[in-house]
Amino acid sequence: MKDGGAMFLVCLGRTSMDPTDQGGAGILFGTHFQDAWDDLIQEGHLESERRDSFNIPVYAPSLQEFREVVESNCSFTINKLEVVRGGSPLVVNHPDDASEISRALANSCRSVIGVLVDAHIGEELSEELFIRVERRAVRHARELMEQLQFFHIVASLSLA
């Protein structure tokens with residue numbers, strides 16, 4: 001970065017100080033996703049150890065955590081730092097159509113981590129997993145549309 005220049009960063013963030021509350025990412029990979037894994041285990045398609053060894057490499061920091069990391073590095077000065085509402089990853093034409101919402105949820109999950117799931121359990125089981133995510137989400141479509149919101153940390157930094 002050039003002297004006098006600025007760097008702008010946008011990353012996933014959360015509004016809660018509780019690190020177990022991952023906001024939109026927690027909902028996206030929450031109950032429906034976990035229950036779909038459990039279905040595969042209960043039906044004998046997958047061993048629980050295989051599921052337990054899968055990790056989703058996503059973490060949404062709070063504004064304070066982000067600030068602490070930047071300040072501890074001592075290389076940058078924070079010019080501006082804020083959390084903005086990024087909206088929902090569930091882009092649908094018919095917000096009252098439960099099947100369209102559940103398909104959007106499954107597709108959102110797949111777009112973020114599908115390749116990781118494919119590599120971990122194979123494409124055939126991965127396909128089955130996301131089908132089950134979609135089926136499970138149908139019953140909760142309205143809640144998903146209301147609750148699934150992402151927040152982003154927007155930062156402007158310059159060299160210290």
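**Exercise 1.** Find where helix 5 bends, and by how much.

Helix 5 bends by about 75° at Ile113, the bend being the angle between axes fitted to the seven residues ending there and the seven starting there. Helices here are DSSP runs (H or I, at least four residues), numbered from the N terminus. Just after helix 5, Gly122 has a positive phi of about 95°.

A word on the ground rules: this is a predicted model, where local features need pLDDT of at least 70, side-chain atom pairs count only at pLDDT 80 or more, and totals for chains, interfaces and linings use all residues. Residues are numbered from 1 along each chain as its sequence is written, and side-chain values use heavy atoms, leaving out hydrogens and water.

**Exercise 2.** Work out how the rings of Phe33 and Phe130 are arranged.

Start with burial (under 20% relative accessible area, 1.4 Å probe, protein chains only): Phe33 is buried at 1%, and Phe130 is buried at 1% too. Now the rings: they pair if their centres lie within 6.5 Å, with planes under 30 degrees apart stacked, over 60 edge-to-face and the rest tilted. The centres of Phe33 and Phe130 are 6.3 Å apart and their planes at 40°, so the pair is tilted. Phe33 sits in helix 2 and Phe130 in helix 6, so the pair ties together parts 97 residues apart in sequence.

Terms used. Helix = DSSP H or I, 4+ residues; strand = E, 2+ residues; numbered from the N terminus. Buried < 20%, exposed > 50% of the residue type's maximum accessible area, 1.4 Å probe, protein only. Phe/Tyr/Trp six-rings, centres within 6.5 Å; stacked < 30°, edge-to-face > 60°.
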